[in-house]
Each structure stands twice: as structure tokens, then as C-alpha cells.
Amino acid sequence: MTAQGMPSMDPRPTGLTIGTYDTYREAQRAVDYLSDEKFPVEHTTIVGNNLRQVEKITGRLTWGKALTAGVASGAWFGLFVGLLLGLFTTNNWIAAVITGVVLGAFFGLVFGGLSYAQSAGRRDFTSRTAVVATTYDVLCDFKFAEEARNHLAKLALKGEVHPLLPQQPHPQQDLP
């Protein structure tokens, strides 16, 4: 336990690999199956291998889209501020909310335009970024690994997940 009473988590995974899967969903299903079988899942870990950052381009960024996004985000922030201020007013709280939305939208428009102008055409697209793994290993503490493998073999026989088989070395690679 750490000083704050929270257990510390060693970021380095340990244990034996009891299954390797193409998708996180399959690895998660494997651990869920172990849980359904009353296996002590607190002894398992899911590890993503060969992490990659993937940026999916979602479209062109134009002046219109940049200004619209600025107005929308500014209006949402203004609504939040207006609602907070409205809680502390005694007379017309709706005026505080409307003022917050209008001022937020105005400043969002200004800052959205300035931000787009500063990019000077170097990034005229919108995108979503995610970190993904090529495979996912399910690890288990040594003490429980054999039991876990037996359970996961039953799951694989049901056809609900498709574990990857360990890579077999090529005979020519062993030569000096």
C-alpha cells in the first residue's frame, strides 16, 4: 500500500501468456469468460503489443468549419458559465444564461478564427487519433496459469474467440 492507502500498480506486466488475440474485444471476452467460470481474474492482465498511433482523417478544415466549431464550443462553455452565474442571481437568472451563451459564442468565434489563421494552411484537415495494438496478450500469474489455459481452451472450442497460435521459428532462421 502507498501512503495514501491506494495499492501501487507496477506498470511492468508479469506472468505467463495464456492467450493472444487479434482484438481487445476478444481478450476482454477471454477474461470475462474466466470470471464467469469463477476464476480469480485479479491474477490476470491484458497487455497490448506493438502500439501504434493511428490518425484517421475525417475531412477538410475550412474557414466555415473552424468558425462554426469555435462558436459551438464557446456557446457550450458560455452556457456552463451562465448556469453557474444564474445560480447566484436573485432576479433574472435566464438573462445570465443567455448572456453567457452569447458571450461564449462570440469569444469562441474570435478564438476559433485566430487559431485557424495561425495555422497558415499547414493543417487544413480534421482528424481523430487513437492508440491501437496489433495483438493483445492475456497474462496470468504462474500459480494459476494452467487452470486459466484450460478454461480458455474450452472457450476457444466454443468458437467465441480465436486465439493466435504461438509463432513457430523457421528452420532456416536457426542457422548462423
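Which residues does T135 touch, not counting residues up to four places away in sequence?

## Strand β5 and T135

T135 touches T20, Y21, V47, G48, N49 and L164, once residues up to four places away in sequence are left aside. This description rests on a predicted model. T135 lies in strand β5, which covers residues 135-140. Its relative accessibility is 19%, and because buried means under 20%, T135 counts as buried.

## Overall architecture

The protein contains 4 helices and 5 strands. Read from the N terminus on, these elements follow the order β-α-β-β-α-α-β-β-α. Of the 176 residues of the protein, 26% count as buried.

Contacts can also be sorted by separation along the sequence. Among those between residues at least 6 apart, 83% join residues at least 24 apart. The accessible surface of the protein comes to about 13,000 Å², and 61% of that surface belongs to carbon and sulfur atoms.

## The largest nonpolar core

In soluble globular proteins, nonpolar side chains tend to be buried together. The largest nonpolar core of this model has 18 residues, of which I18, Y21 and L152 touch the most other members. Two or more residues come from each of β1 (16-21), α1 (24-36), β5 and α4 (145-158). Helix α1 supplies the largest share, with 5 residues.

Leaving aside residues up to four places away in sequence, L152 touches I18, Y21, A30 and L34. Y21 is also one of the residues that T135 touches.

## Helix α3: span and packing

Helix α3 covers residues 93-119. At 1.5 Å a residue, its 27 residues should span 39 Å, and this agrees with the end C-alpha atoms, which are 39 Å apart. Just after α3, A120 takes a positive phi of about 50 degrees.

The buried residues of α3 are A96, V97, G100, G104, A105, G108, G112, G113, Y116 and S119. These buried residues pack against helix α2, which covers residues 63-87.

A nonpolar patch of about 700 Å² is made by V71, L103, F106, F107, L109, V110, F111 and L114. Helix α3 gives the most to this patch, with 7 residues.

Conventions: Residues numbered from 1 in each chain as written. Predicted model: local features only at pLDDT ≥ 70, side-chain atom pairs only at ≥ 80, totals over all residues. Heavy atoms only, no water. Patch = residues over 30% accessible without salt bridge, like charges linked within 9 Å, V, L, I, M, F, W, Y side chains within 5 Å. Areas by Shrake-Rupley, 256 points an atom, 1.4 Å probe, with all protein chains shown as cover. Salt bridge = Lys/Arg side-chain N within 4 Å of Asp/Glu carboxyl O. Buried < 20%, exposed > 50% of the residue type's maximum accessible area, 1.4 Å probe, protein only. Contact = heavy atoms within 4.5 Å. Core = buried A, V, L, I, M, F, W, Y, C linked by side-chain atoms within 4.5 Å. Expected span 1.5 Å × (residues − 1).
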